[in-house]
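Here is a short briefing to read alongside the structure. Have the viewer open, and follow the points topic by topic.

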Amino acid sequence: MLKRLAALLLAVIASMALLSYAGQRWKPEVLDSVVLHGEGSSFLYPQVQAWSEDIRSSYPWLVINYNPTGSGAGQSAFIKNVVDFAGSDPPLTGEAWARLRGSVVQLPVVIGMVAVVYNVPGVEGLRLDAEVLALIYRGEVEYWDDEAIARLNPGIRLPNERIIVVHRSDSSGTTQVFTLYLHKAAPDLWPQELVGKSPDWPVDYTGRGIGGKGNQGVTELVKKNLYSIGYVEYSYAVKEGLSIALLENREGEYVAPSPEAAQEAAKNALSNLPSSPDGDWSSGFDAVIYAPGRGSYPLTTWSFLLFYKEYPGPKAEAVRTFIEWINTEGQKSVVGGYVPIPEELRSINLKAVEMIRVAER
Amino acid sequence: MPDWRRVKDRIFTVATVLLALLAVAPLFHILATVAIRGGSAILRGGVSFFTDPPAYPGSEELGGVGPALLGTLWLGLATSLIGVPLALLTAVYMVEYRESKLARATRVFTSSLLEVPTVLIGMLVFLVVVVPMGRYSLAAGSIALAIVMLPYTVSYVERALDGVPRTYREAGYSIGMTRAQVVFQVVMGIASRGVAAGVLVGVAKVLSETAPLLFTIGSARGSYPTGPQSLLEPGDALPLLIFQFAQTPYSNWQDLAWGSALLLTLIILVIFTLLRLLFREVKL
């Protein structure tokens, strides 16, 4: 018995030694690295991961980890103090911000877009406005050649086919952006109750609504079903070559999603927002969707990184470096599908660098 | 004049075989897809698939799953260290003190633990371990996985210990052994294969678990665990990487997920092969 226990113990120690050796062998040679651990928005994840790669060429000692569990989980981990920073699509609510007052900074770091995609052969450059989209997702516009759609698209031959309406089946920030746009631009047709991460889609009761899991699921459903319509993150629409609809913005123009149109929306949204990263940004999610201004794309969104103002020891310097880098160099290398933030926003974000201090103990 | 009884018999046989094939077809489809797509990813990456961190999303390069592979191995080891003694002693108690109220309650609790969604176990560990520690860690993940492992290993080991005939125990007592000696030297010895099987089933089960890790280890995709002290730091694991990379639109990350799926399948396959070997010998 004792012999067996000893053998077991030996095996455990041997495997630990082997694993440690492999870990040290595989690890890139870096002295005195500082690790920053973040969590939150899965939309932001590929970008943060890419930045963590890029930043090493300038600051090899800085290791950034990020856990994409969702904006809600990220905010709660941030409030519970188990992470160094959080990523979130909506900023802190006014209430949460007031509780943490003075101890956090919130920076919109990257812009995203939601595209309305459709699968109707022979129809390119379809124009839609929020009212027609709301009617489609309510199930009240049933055919592609309905008067409501045809009115917006003179000169385009629309087929007399039933519309298959695709939405997300899982709880999703993309859905929240989409429904919030419908509500802001067509409040009579799309009431507040239908805004959210997984609303009760009226079109489902007509039997023509179907749900897909994730952006991938919606993309595949739209590709597979002729005469369907759906909404996905812009990068999925581009990657899969789906037809993208032009949407009416607040100024009455029909705009296709593009980096310039998204930056325009971000720039115009800033007028109603605080001019400092430690202000109350709680209306910041709302402001960028259906933003005013010529050339703004209405389904624009941005994602925030949340930092504390105080960090122990070397982490403070690491956070300062990270914030400064993502608002300068980092904006030059955004991943496909994201849009860099406009100059105006970068200069607001950079004010945060001065606010990060070493915690006094 | 056909013999109807024979025809009916034949129809029945054919139907059974077809239905059995239908049942295993999806499994083979999954295995084949994982082998083909994962195999080509691993071949493309070469050695660096096992050692490097993931490459930039959407780039031509693949990178690797080094931190996640190491993390999974560390998790397996640490989970066994926590979970196996716990499960063994629980099973021994349940068999030896079968009649006691506490043993009965333990049986009910361990078997109902099977029904608890594993994500809840992860959230519990988040509140009880991660928040007080102030950070995610591989150790927290191991604790969550050990809880997930418990009911599987306990029920296997309990059955194995139960199967040892009473006469062997009596023989042990008759030469003056204490209860502990009888349990650990006689019963465990005879049931050792069953016990080992229980441990392996438990380990195989938890190595492929994603949900308990979501809120416990923190997917630290850039940090290599370099020794036992790394258990107290955030880490990564293969199932978590598969889950998170498969949801992104970047094909190099999706390839990494496929490769990791193959890697994980192979690890599990090795464990189950060990299991089969153990069981075959029991029959002799």
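Which residues in α3(B) meet which residues in α4(B)? From α3(B) come T90(B), Y93(B) and M94(B), and their partners in α4(B) are A103(B), T106(B), R107(B) and T110(B). Please keep in mind that this is a predicted model.

**Helix packing in chain B: α3 and α4**

- Helix α3 of chain B covers residues 66–96 and helix α4 of chain B covers residues 101–113; the two pack with their axes 9 Å apart, at an angle of about 130°.
- The handedness of the crossing between α3(B) and α4(B) is left-handed.
- Sorted by class, the residues where α3(B) contacts α4(B) are 3 nonpolar, 3 polar and 1 charged.

**Helix packing in chain B: α4 and α6**

- α4(B) also packs with α6(B): their axes come within 8 Å and cross at roughly 125°.
- That angle makes α4(B) oblique to α6(B).
- Here too the term is left-handed, for the crossing in which α4(B) passes α6(B).
- On the α4(B) side, T110(B), S111(B) and L113(B) take part, and they meet L150(B), P151(B), V154(B) and S155(B) of α6(B).
- The contact of α4(B) with α6(B) is made up of 4 nonpolar and 3 polar residues, with no charged ones.

**Helix packing in chain B: α3 and α6**

- The axes of α3(B) and α6(B) come within 6 Å, crossing at roughly 40°.
- Roughly parallel would need an angle under 35 degrees, so α3(B) and α6(B) are oblique to each other.
- In this pair the crossing is right-handed.
- The contact of α3(B) with α6(B) holds 22 nonpolar residues, together with 7 polar and 2 charged.

**Where the two chains touch**

- Chain A gives 38 residues to the contact and chain B gives 36 residues.
- On chain A, the elements that each supply at least two residues are α1 (2–26), β1 (34–40), α2 (45–58), β2 (62–67), α8 (214–224) and α9 (234–239).
- Of these, α1(A) provides the largest share, 9 residues.
- The side of chain A that touches chain B has 18 polar, 15 nonpolar and 5 charged residues.

**Chain A as a whole**

- Chain A contains 13 helices and 14 strands.
- The C-alpha trace of chain A spans about 80 × 55 × 35 Å along its principal axes.
- Of the 361 residues in chain A, 48% are buried.
- Among contacts in chain A with a separation of 6 or more, 74% join residues 24 or more positions apart.

**The largest nonpolar core**

- The largest nonpolar core has 177 residues, and those that touch the most other members are A115(A), V116(A), V117(A), Y181(A) and F307(A).
- Helix α6 of chain B (residues 138–162) gives this core its largest share, 17 residues.
- Leaving out residues up to four places away in sequence, F307(A) touches F85(A), V104(A), V105(A), V319(A), I323(A), A352(A) and I356(A).

- Y227(A) is a residue other than glycine with a positive phi, near 65°.
- Y227(A) lies in the loop between α8 and β8 (228–233) of chain A, and is partly exposed, with 16 other C-beta atoms within 10 Å.
- Y290(A) is not a glycine either, yet has a positive phi of about 55°.
- Y290(A) sits in the loop between α11 (284–288) and β12 (300–308) of chain A.
- Is Y290(A) buried or exposed? With 24 other C-beta atoms within 10 Å, Y290(A) is buried.
- S76(A) belongs to helix α3 (residues 71–79) of chain A and counts as partly exposed, with 18 C-beta neighbours inside 10 Å.
- From S76(A) to A86(A) is 10 residues in sequence and 9.1 Å in space, C-alpha to C-alpha.

Conventions:
Residues numbered from 1 in each chain as written. Chains lettered and ligands numbered in written order. Predicted model: local features only at pLDDT ≥ 70, side-chain atom pairs only at ≥ 80, totals over all residues. Contact = placed C-beta atoms within 7 Å. Helix = DSSP H or I, 4+ residues; strand = E, 2+ residues; numbered from the N terminus. Nonpolar A, V, L, I, M, F, W, Y, C, P; charged D, E, K, R; others polar. Axes fitted to C-alpha atoms, helices over the stretch in contact; angles between N-to-C directions. Left-handed = near helix turned anticlockwise from the far one by under 90°. Buried ≥ 20, exposed ≤ 12 C-beta atoms within 10 Å, placed from the backbone. Core = buried A, V, L, I, M, F, W, Y, C linked by C-beta atoms within 7 Å. Parallel < 35°, antiparallel > 145°, perpendicular 65-115°, else oblique.
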